[in-house]
Structures are given as C-alpha cells and as structure tokens.
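Please keep the sequence and the structure in view while reading.

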Amino acid sequence: MLASRLPDGTISTDPQTLREHATDSWPLALLRRVRGDDLPEPVAVISPATTGEVATILAWASQTGTAVVPRGAGSGVCGGATADNDAVVLDLSRMDRIGEVDVISHTVEVQAGVRGDRLEQELAKLGLTTGHFPQSIAISTVGGWIAASSAGQASTGFGAIEDVLLGLTAVLPNGEILRCRPVPRSAAGPDLRRLLIGSEGTLAVVTEATLACWARPTAWNWLAFGFGDFTTMAGALRDVKRAETGAAVLRGYDETDAQLGFGALQHTTGCVALAGFPAGSPGLDARKQAAAAILHTTGTELGARYGEHWWQHRNDAVRTFAQIMGPERTFGTGVIVDTMEVAGLWSAVPRLYQSIRAALSAHAQAVACHLSHLYASGSSLYFTFLIGAADDHEAETTYRAAWAAAAKSCTEAGGTITHHHGVGRLKAPFLTQDLGETGTAVLNTIRAALDPAGIMNPGGLRP
C-alpha cells in the first residue's frame with residue numbers, strides 16, 4: 001500500500017479536503033459549485049514534503065494506473081487542476097522550503113510549493129527580488145508558475161517565468177528524477193526546462209527550482225499618459241518598448257478598463273498608458289525623458305499618481321473576483337466573470353482587440369481590455385468580461401458560447417489563445433486551432449513517450 005511508504009498524515013481522505021482540492025479557481029467550476037452541482041472529487045489528496053516522496057507516489061501511480069492531478073495553491077483560472085472521481089490530487093503546498101540564496105550569482109533555490117509573496121519577503125531581506133509579480137502572487141506557487149507558463153506584472157523588464165527559471169528538479173511519471181542544473185543558458189540539446197514550462201502537470205511534476213534574482217527596486221518612478229483610442233496608445237507603448245527606455249512595467253488600458261482601474265482618480269474618458277521605472281537605476285532621468293517624449297507625441301500627460309494608484313491596488317481584482325464568484329455572490333446569481341489573455345504580433349494587435357472585443361460583447365454585458373506584457377515584436381491583450389444571465393444555468397451556456405466565439409476570433413486574427421494563464425479544461429477544445437494538427441500530434445507523442453500509462457493530469461492539454 002502507498003500509505004506504508006509515506007510518512008503519517010501524507011494522505012487525506014477527509015471529505016472537506018477532497019471537496020476543496022477537486023478543482024482550482026476556474027470561474028465555471030466555481031459557478032457549478034455555488035449552484036450545488038454534484039461535482040467529481042478525488043479519492044485522496046496526497047501532500048508530499050520532498051522530491052523523494054513525490055517519486056514514490058508517481059512510481060506507485062504508474063504501477064497501479066492511478067490518475068494524478070498535481071496542484072499548487074489552486075489559483076489557476078482555467079481548470080488545469082481538475083480531478084475526476086478516480087484520481088488522486090498531488091498537493092505540493094507542503095513543499096514550501098526556501099533554500100540557498102547565492103548572493104554572488106543572484107539565484108535562489110526553492111521547492112515548488114513556495115508561494116510568491118513569501119518568497120519575495122525573504123528575498124527582500126537581502127535586497128533582492130525575482131521580479132516575477134503575477135496578480136495572484138499571494139495565492140500562487142513557484143511550481144504553478146512553471147506549470148502554467150506564468151508572466152508577472154513587470155515582465156517587460158524582468159522577463160516571464162522562462163527567463164527567471166535557471167534550473168529545476170522534476171519527477172517523471174515512472175518515478176525517475178530529472179535534474180536540470182542551474183545555468184544561464186545551455187546548448188546541450190533541446191532545453192528540457194522549457195519543455196516542462198507550460199506542461200500543466202502532464203509530463204512531470206516539478207518539485208524544485210532555481211530562480212534568477214535582481215537587485216530589488218527601492219521605489220518606482222511613473223509616467224502616465226492619456227490617449228484618444230486604443231490603437232494609437234498601443235503604437236506609442238510599442239515605440240517605448242523598442243526604444244529600450246528601461247521601463248520594467250508597460251501597460252495600456254482601453255477606455256472601459258481605464259474607468260474601472262482609475263475611476264477613483266476621477267478618470268472619466270480615454271485610454272491610459274503607464275510606464276514604470278525602478279528607482280535608482282543608472283540613467284533614469286534620461287530614460288524617463290525619452291519615454292515621455294514618445295508618449296507625448298500622441299498622448300496627454302496625466303501625472304505619476306496614476307502609476308502610484310495602480311501599484312498600490314494592482315492585486316485588488318483577486319479579492320473582487322472571490323467576492324463575485326464565491327459564496328458571497330456580490331453581483332447575485334446568473335453572473336460570471338472571467339478573463340481571457342491572448343497575444344500576437346504588433347501588426348495583429350488592432351485586429352485582435354477589435355475582433356475579440358466584438359465576439360465577447362455579443363454575449364457579455366461588459367468587456368474591458370488592457371495590454372500588460374509588451375515585447376519588441378508584439379504584446380499580450382488581457383480581456384475581462386462579465387456575463388449576466390437569468391440564472392446560473394443560462395450563465396454557463398452563455399459563457400461557453402462567449403469563449404468559443406472569442407477563441408475563434410483570436411485564431412483568425414493571428415493570435416495565440418493564451419499568454420500566461422495556460423490551457424486547462426477551459427481552452428483545451430481550442431488547442432488544435434492554436435497548435436495545428438501536426439503540433440497537437442507532436443505534443444501527444446511527447447506525452448505518450450513520457451507517460452505511457454496516461455496517469456499525469458489526464459484531462460489537461462487534451463484537445
């Protein structure tokens with residue numbers, strides 16, 4: 001029996017624990033829960049504390065053909081950690097040790113269950129940061145960041161998780177342990193670290209990671225400009241990024257999102273662009289002036305208070321979402337709120353904005369969008385939408401129709417259906433239209449080679 005191979009208390013069959021670990025924070029799963037649906041639940045929740053214990057669990061699962069659903073903190077919003085009735089949930093939250101900080105190399109070793117806010121608190125004592133600040137930082141884990149291919153709010157300056165991750169330890173489905181040593185770059189064959197980023201627990205379980213660190217900014221300097229339309233604003237932010245001004249945060253809000261985000265500042269009309277610069281960096285004044293000159297060409301200066309307000313309230317949406325989709329149901333029944341984050345080249349950004357916004361607006365009562373992760377070649381677009389229906393069952397039907405229409409519009413406009421939230425159960429039906437038939441076949445071949453028993457998160461990444 002598995003229990004005899006693990007420390008006491010590692011396996012739980014408590015009904016409340018099973019219910020709490022049955023899914024993540026996918027809005028549709030939360031809707032089904034609050035309306036009282038009879039949802040699948042795992043047969044057990046297993047909470048290892050070491051890589052060796054994970055290896056024991058996966059070896060047993062492969063031998064017995066038991067499905068395993070890896071889980072970090074359950075903050076995913078796409079149903080990536082959804083367990084069926086015959087599965088066990090591998091809860092990595094006990095693997096929360098922060099190891100050695102190499103102050104010479106600026107790296108930190110962590111277990112996969114370490115939460116982002118705690119990691120940043122510990123690094124702050126040494127004047128360091130990973131620079132990885134997802135909105136869910138207080139309720140997400142390093143392992144979850146890797147599994148979902150996460151990007152933080154300062155990714156324009158510090159990079160996304162693939163730029164932060166230097167090395168990892170992972171357990172393969174048969175219980176073997178894979179170790180990718182921490183190095184800045186390697187040409188020793190295909191990058192196995194990159195293979196596991198975004199794999200959503202379908203190829204292996206990442207148990208440890210070595211992350212790059214940076215000098216921690218002591219403060220932030222902000223620029224904020226208003227624009228008359230989304231496309232003009234996007235072009236200005238693109239030019240700021242290409243000018244290598246050193247802005248670590250670049251964000252652009254359409255008129256609806258600007259009113260939601262900056263209404264407390266009496267903002268009433270127009271789009272808003274933000275540029276954030278770490279204080280004290282060399283040449284800061286000149287770089288800020290260069291960025292301001294670009295933004296001033298087509299925009300109107302709004303003042304640093306916009307950036308300061310955003311920084312202070314940047315994660316408030318996590319609490320608001322919980323109030324809307326949780327037991328409180330602050331907006332009442334029949335309401336579901338979700339986000340859709342896509343990405344495309346700059347030439348496609350205007351089309352993506354217009355077509356996805358139109359597709360969502362055909363089903364939703366409110367749609368807002370902002371640019372949040374900018375590159376020299378393109379950007380992500382982050383849509384928030386609210387559906388109000390007569391009841392919770394109609395809300396689900398409308399929600400599915402909205403996602404199908406928006407995903408189709410995204411592909412036709414030349415974008416990818418996800419930038420940093422991953423695929424999960426939500427976007428799996430659209431995966432082939434993103435990867436193509438051949439790409440999907442390659443993914444399935446890799447998966448079958450690593451997991452011939454098909455135990456690893458069986459419902460994940462399945463078109």
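Predicted model: local features only at pLDDT ≥ 70, side-chain atom pairs only at ≥ 80, totals over all residues.

In soluble globular proteins, nonpolar side chains tend to be buried together.

## Phe-383 and Thr-339

Which residues does Phe-383 touch, not counting residues up to four places away in sequence? They include Asp-338, Thr-339, Met-340 and Val-342. Further along the sequence, the contacts of Phe-383 include Leu-352, Tyr-353, Ile-356, Arg-357 and Leu-360, as well as Val-367, Ala-368 and Cys-369.

One of these partners, Thr-339, is located in strand E16, residues 335-345. Thr-339 has a relative accessibility of 16%, and because buried means under 20%, this residue counts as buried. When residues up to four places away in sequence are not counted, Thr-339 touches Tyr-382, Phe-383, Thr-384, Phe-385, Trp-403 and His-421.

Helix H3 runs over residues 51-64 and has 14 residues. At 1.5 Å a residue, H3 should span 20 Å; its end C-alpha atoms are 20 Å apart, so the two values agree. Just after H3, Gly-65 takes a positive phi of about 70°.

The buried residues of H3 are Thr-51, Glu-53, Val-54, Ala-55, Ile-57, Leu-58, Ala-59, Trp-60 and Ala-61. Against which strands do the buried residues of H3 pack? They pack against E2 (44-46), E3 (67-71), E4 (87-91), E8 (165-171), E9 (177-180) and E10 (205-212).

## The second largest pocket

Rolling a probe the size of a water molecule over the atoms shows where empty space is left. The second largest pocket holds about 520 Å³ of space. It is lined by 26 residues, of which Ile-197, Gly-198, Val-423, Leu-435 and Leu-461 are the closest to its centre.

Helix H8 (192-196) and helix H17 (431-450) are the elements that give two or more residues to this lining. H17 gives the most, with 7 residues.

Conventions: Residues numbered from 1 in each chain as written. Heavy atoms only, no water. 1 Å grid on protein atoms, 1.4 Å probe; cavity = no way out; pocket = protein on both sides within 12 Å on 5 of 7 lines; lining within 4 Å. Points joined across faces, edges and corners; volume = space filled by probe spheres on them. Helix = DSSP H or I, 4+ residues; strand = E, 2+ residues; numbered from the N terminus. Contact = heavy atoms within 4.5 Å. Expected span 1.5 Å × (residues − 1). Buried < 20%, exposed > 50% of the residue type's maximum accessible area, 1.4 Å probe, protein only.
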